[in-house]
Amino acid sequence: SACGAGFIAMGPNGSFQPINCPSSYPTSETFPAGINDRSQVVGSCGLRPYNATAFFRDANGTMTLLSQTSWISSWATGINNKGQMVGNFFDSSGQHGFFRDSDGTISILQGTALGINNLSQILGFTSETQGQLYVATASTRTGVLSHIAVNGGWTTVVTLINASAAAVPVTVALHNDDGSALSMPVTTTQQGVSQ
């Protein structure tokens, strides 16, 4: 329509269901970009690429706008059956891709993210490899360290190495002997920057 309303069609000749951004959003344009087998939809509200906000719409029709403090504009481009999604955003340093895991964790990707499949492989391209396409995989591997040494002069160092060209989300969970969450100071160092 003239105002840019999205829809889900039930087959080429079936009925369709409109998708509209929240009425509180400043513009009425709705641009769906991906759908999975669970009827979850992603896309953007507003005019891409400079005045938009990525959205996630669940199977019940509830729409959630997705953004981060530093993002000027964002748009989602794909979602898989796990609920993992990819998209892109602008911040003060330019355009970047993002990966949003099904738990809501957002990781930044180098380059432009175009889509994601059910193997968590992300399709995109980057000017850093002369405009070549890339396929990155969000790893689902897990590992366990049975013991860590802390206090009394002891420190444990865990080193995680990403062998791919794209950013990969990682979660490190620390637990007490009884399985409860372990609360302790942690220093992370990434690309020479510690915090």
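# Strands, aromatic pairs and a surface patch

Among contacts in the protein chain between residues at least 6 apart in sequence, 31% join residues at least 24 apart. The model is predicted.

User: How many helices and how many strands are in the protein chain?
Analyst: The protein chain has 195 residues, and 32% of them are buried. Its DSSP runs give zero helices, and the number of strands is 15.

User: How much of the accessible surface of the protein chain belongs to carbon and sulfur atoms?
Analyst: The accessible surface comes to about 12,500 Å². The share of that surface belonging to carbon and sulfur atoms is 53%.

User: How many residues of strand 4 are buried?
Analyst: Strand 4 covers residues 41-47, seven in total, and is mostly covered. A residue counts as buried under 20% relative accessible area. In strand 4, the number that are buried is six.

User: Which residue in the turn between strand 3 and strand 4 has a positive phi?
Analyst: Strand 3 (residues 30-35) runs antiparallel to strand 4, and five bridges join them. Within this pairing, T30 stands opposite C45. The two strands form a hairpin with five residues between them, and the turn residue with a positive phi, about 65°, is S39.

User: What is the bridge partner of G43 in strand 5?
Analyst: Strand 4 also pairs with strand 5, in the antiparallel sense and over seven bridges. In strand 5, the residue bridged to G43 is F55.

User: Which residue in strand 6 stands opposite R57?
Analyst: Strand 5 (residues 51-57) and strand 6 (residues 63-66) run antiparallel, joined by four bridges. They form a hairpin with five residues between them, where G61 in the turn has a positive phi of about 95°. Opposite R57 stands M63.

User: How many aromatic pairs are there, and what is the angle between the planes of W71 and F89?
Analyst: The count comes to three aromatic pairs. W71 and F89 form one that is stacked, with 4.4 Å centre to centre, and the angle between their planes is 15°.

User: Is the pair of W75 and F90 stacked or tilted?
Analyst: W75 is buried at 8% relative accessibility, and F90 is buried at 17%. Planes under 30 degrees apart count as stacked and over 60 as edge-to-face. The ring centres of W75 and F90 are 5.7 Å apart and the planes are at 45°, so the pair is tilted.

User: Which residue forms one aromatic cluster with W71 and F89?
Analyst: W71 and F89 are already linked as a stacked pair. The cluster holds these two residues and F98.

User: Is V172 buried or exposed?
Analyst: V172 sits in the loop between strand 13 (132-137) and strand 14 (189-190). Together with V158, L160 and V170, V172 makes a nonpolar surface patch of about 360 Å². Because the cut-off for exposed is over 50%, V172 at 52% relative accessibility counts as exposed.

User: How far apart in space are T171 and T105, C-alpha to C-alpha?
Analyst: T171 lies in the loop between strand 13 and strand 14 and is exposed, at 68% relative accessibility. T171 and T105 are 66 residues apart in sequence, and their C-alpha to C-alpha distance is 9.5 Å.

How values were computed: Residues are numbered from 1 along each chain as its sequence is written. This is a predicted model: local features need pLDDT of at least 70, side-chain atom pairs count only at pLDDT 80 or more; totals for chains, interfaces and linings use all residues. Side-chain values use heavy atoms; hydrogens and water are left out. Patches are made of residues with over 30% relative accessible area and no salt bridge: like charges are joined within 9 Å, nonpolar side chains (Val, Leu, Ile, Met, Phe, Trp, Tyr) within 5 Å. Accessible areas come from the Shrake-Rupley method with a 1.4 Å probe; for residues, only the protein chains shown count as cover. A salt bridge is a side-chain nitrogen of Lys or Arg within 4 Å of a carboxyl oxygen of Asp or Glu. Buried means under 20% relative accessible area, exposed over 50%, partly exposed in between (1.4 Å probe, protein chains only). Two strands pair if DSSP finds at least two bridges between them. Contact means heavy atoms within 4.5 Å. Rings of Phe, Tyr and Trp (its six-membered ring) pair if their centres lie within 6.5 Å; planes under 30 degrees apart count as stacked, over 60 as edge-to-face and the rest as tilted.
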